Amino acid sequence: MVFDKISQGTPWIKADDSIIEADIDLISFALWILNREEETLQCDNSDCWDREGRFLLCKSLAYRKGQWKRPVLDLLLVQLIKVMEEKIGFPLLRRKPWGERGEMAVWATHDVDRLMIKYGLLLKLPVWLFFAAKQLVQGNKENGRYWLRKCFRNLKSREDSIYESIQKLAELEKEHRLKSTYFFMGLRRGISWGERLRYPISNPKAKNLLRHLVGDGNEIGLHPGRYKAI
């Protein structure tokens, strides 16, 4: 178990003169880990939901193993890279990515998991109300009020906070002459069994944003997931 190896400090990398072996499948671990910083609420209340409202913190394996506040995947990658650097005698973490043009560079990428919060709003509202009722019945008033506020806020507002935040991010990057890669989900109808309700890539707002991003010199990629993409 990955978290057991981390908490116990168990060695998981074996290296000899010709090969490096790892007892942890980092790719598989990265695909399912649920304690990434952008997904969890950094609080001490085990009844906290993740920022996307998908699961309770206390339900995550990272929380049960006492590792939910640690960047576990990053720590494992750093350990592996250090072993690789020692074997090849070449710095991987502090290399010059642009040759002699600069000491450092930044690769900016964005996963567009959600694009339009108002897309399918009539389907989302009953789910949010159910979450609110469940939390209130269980005595979690703050979490219950969170879901209620989310319902009323999106019913009242004519703006789409998620869509506009992506536009503002693109404008900010353009202002600072930063190019990025945006990974969009390629759902045909905006919904799948694995990913639930998301957004259709053929939606006019999605197409408009794609044209805008490409026009500013950004790259577009496909965000993989549990669905059949276009």
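Visitor: A crossing of two helices is called left-handed if the near helix is turned anticlockwise from the far one by less than a right angle. Which crossing does H5 make with H6?

Guide: This is a predicted model. In it, helix H5 covers residues 121–137 and helix H6 covers residues 141–156. Where H5 passes H6, the crossing is left-handed.

Visitor: Are H5 and H6 roughly parallel or roughly antiparallel?

Guide: The two helices pack at an angle of about 160°, with their axes 7 Å apart. Angles over 145 degrees count as roughly antiparallel. H5 is therefore, relative to H6, roughly antiparallel.

Visitor: How many nonpolar residues are there in the contact of H5 with H6?

Guide: H5 contributes residues including Leu-125, Trp-128 and Phe-131, and H6 contributes residues including Trp-147, Leu-148 and Lys-150. By class, four residues of this contact are polar and two are charged. The nonpolar ones number 11.

Visitor: Why is strand E4 largely enclosed by the rest of the structure?

Guide: Strand E4 runs over residues 180–184. A residue counts as buried at under 20% relative accessible area. E4 is largely enclosed because, of its five residues, the number buried is four.

Visitor: Which residue of E4 stands opposite Ala-108?

Guide: Strand E3, residues 108–112, is joined to E4 by five bridges, and the two run parallel. In this pairing, the residue opposite Ala-108 is Ser-180.

Visitor: Which residue of E7 stands opposite Tyr-182?

Guide: E4 also pairs with strand E7, residues 219–222, in the parallel sense over four bridges. Opposite Tyr-182 stands Ile-220.

Visitor: How does Ala-30 count by its relative accessibility?

Guide: Ala-30 lies in helix H2, residues 26–32. Buried means under 20% and exposed means over 50%, with partly exposed in between. Ala-30 has 31% relative accessibility, so it counts as partly exposed.

Visitor: What separation do the C-alpha atoms of Ala-30 and Val-72 have?

Guide: Along the chain, Ala-30 and Val-72 are 42 residues apart. Their C-alpha atoms are separated by 9.8 Å.

Methods:
Residues are numbered from 1 along each chain as its sequence is written. This is a predicted model: local features need pLDDT of at least 70, side-chain atom pairs count only at pLDDT 80 or more; totals for chains, interfaces and linings use all residues. Side-chain values use heavy atoms; hydrogens and water are left out. Buried means under 20% relative accessible area, exposed over 50%, partly exposed in between (1.4 Å probe, protein chains only). Axes are lines fitted to C-alpha atoms, for helices over the stretch in contact, and angles run from 0 to 180 degrees between N-to-C directions. Angles under 35 degrees count as roughly parallel, over 145 as roughly antiparallel, 65 to 115 as roughly perpendicular and the rest as oblique. Contact means heavy atoms within 4.5 Å. Ala, Val, Leu, Ile, Met, Phe, Trp, Tyr, Cys and Pro count as nonpolar, Asp, Glu, Lys and Arg as charged, and the others, Gly among them, as polar. Two strands pair if DSSP finds at least two bridges between them.
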